[in-house]
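Please turn to the sequence and the structure on the screen, and we shall go through them together.

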Amino acid sequence: MKVADLVATMETIAPTRFAESWDNVGLLVGDPDATATTVGLCIDYTPAVANEFAERGVDFVITYHPPIFKSLKRLSPGTIFDAIRRGVAIYSPHTALDVAAGGTNDVLADAVGITAERRPIRPSKVADCVKLVTFVPEANVDAVSDAVCAVGAGTIGAYDHCTFRTPGTGTFCGGEGTDPAIGRPGKLETTPEIRLETIVPEARISAVVAALRDAHPYEEPAFDLLRMADLPSNIGLGRIGELSEPTPIDTVLDRIKTHLGIDHLLLAGDNIRTIETVAVLAGSGGDIVHDLAGKCDLYVTGELKHHDALPALTQRPAIVCTLHSNSERKTLAVVAERLREMLHVETVLVDEDRDPFAIV
């Protein structure tokens, strides 16, 4: 299959438009038209991981953390240089996978035992959109629809080219100097038209209107841009929810260790003995810890700074740290399974990938 096929499938699993603005996600290295046969999945694309993947014939790497983050000014011999030389594609989903349904934070929520009523700790702001409504002769409606969708209109979730079409009747009368596509100036015309409706992100309005004007057969096409209400989003940072029943904290801790395949956890605040509500955030959880004061019994994350953990000694929630990448690694198997189901592609879970810290 093509690299582009894998990129499109990853876009379905973890849409990159929901990634944090500071992040660097998507296809970082590689030719979309190149052939890919074996997908390797890792948290960090280190030299040891690169060597293992080379030995196992991996030609499409999904690395959770982007190995290219800051701007590159030169490429010297190393993992990225070698990947380019060998024709290996590198893709990073990072925060797009964090917020996605079934992604990193849902996998961590599963490890804790949060029920299906989970919700984001900090919901993402839904991208500002308007509804475009225009009126097109039936013979031209497909051309106009394709033109506006090609430049950003018509996307809802994982679907594109989303429109609604209603037949009706249009009337117009061209003034002096006009050149109407139907009828003649100075005569009231009545013609069958299709009301075409679709969604347009605010950032794409100019491009979509230009495409509409270019594709529309009328000299002066009529259209409306309607402001839409911003509904609450089920996409966002972390997850919070209730366990199926109040559970001793020791049982919850054992459940986390078993699910993540680790032997040790860091615990701050052992004064809370029974757990009902839990919040999780994979990776570095300091940015969100202060949102949780008094809102849950336990907060599970990868890592925290010392001062972010201090409040747990005297108040809810207690805090569990797994070490950074231990909170993320379980998701690799989930993504691998979804790729196998969707594309029947061979996947490789790396052996030479582990958190740089160990408790000894």
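This is a predicted model: local features need pLDDT of at least 70, side-chain atom pairs count only at pLDDT 80 or more; totals for chains, interfaces and linings use all residues.

Let me begin with Ala4, whose place is in helix H1. Helices (H or I, at least four residues) and strands (E, at least two) are DSSP runs, numbered from the N terminus. Ala4 is partly exposed, with a relative accessible area of 32%. On this scale, buried means under 20% relative accessible area, exposed over 50%, and partly exposed in between, for a 1.4 Å probe and protein chains only. The C-alpha atoms of Ala4 and Gly294 are separated by 46 Å, and these residues are 290 apart along the chain.

Residues are numbered from 1 along each chain as its sequence is written, and side-chain values use heavy atoms, with hydrogens and water left out.

I turn now to the sheets. Two strands pair if DSSP finds at least two bridges between them.

H2 spans residues 47-55 and contains Glu52. Is Glu52 buried or exposed? Glu52 is buried, with a relative accessible area of 8%. Apart from neighbours within four places in sequence, Glu52 is in contact (heavy atoms within 4.5 Å) with Leu349, Val350, Asp351 and Glu352.

S3 is covered on both faces: Phe60 and Ile62 on one side, and Val61 and Thr63 on the other, are all buried.

This leads to the nonpolar cores. A nonpolar core is a set of buried Ala, Val, Leu, Ile, Met, Phe, Trp, Tyr and Cys residues joined through side-chain atoms within 4.5 Å. Which members of the largest core touch the most other members? Among its 23 residues, they are Met10, Val39, Leu41, Phe60, Ile62 and Leu339. Elements that give two or more residues to this core include helix H1 (3-13), strand S2 (38-42) and helix H10 (330-343). A second, separate core has 22 residues, including Leu260, Val300, Ala318 and Val320.

The other open sheet I wish to show has 5 strands in the order S11-S13-S14-S15-S12, again with mixed pairing. Its edge strands, S11 (239-248) and S12 (266-268), each pair on one side only. The twist averages 25° from one strand to the next. S11 and strand S13 (residues 274-284) run antiparallel and are joined by 6 bridges; Gly241 stands opposite Val278 in S13.

Two helices meet this sheet. H5 lies across S11, S13 and strand S14 (298-303), at about 145° to S13. H8 packs on the sheet and touches S11, S12, S13, S14 and strand S15 (318-321).

How do these helices meet? The axes of H5 (residues 104-112) and H8 (residues 249-260) come within 7 Å and cross at roughly 130°. That makes H5 oblique to H8; angles under 35 degrees count as roughly parallel, over 145 as roughly antiparallel, 65 to 115 as roughly perpendicular and the rest as oblique. Among the residues making the contact are Val107 and Leu108 of H5, and Val252 and Ile256 of H8.

Finally, 8 of the 9 residues of H5 are buried, so H5 is largely enclosed by the rest of the structure. Its cover includes H4, S11, H8, S13, S14 and H10. Just after H5, Gly113 takes a positive phi of about 105°. Thank you for your attention.

Technical notes: Axes are lines fitted to C-alpha atoms, for helices over the stretch in contact, and angles run from 0 to 180 degrees between N-to-C directions.
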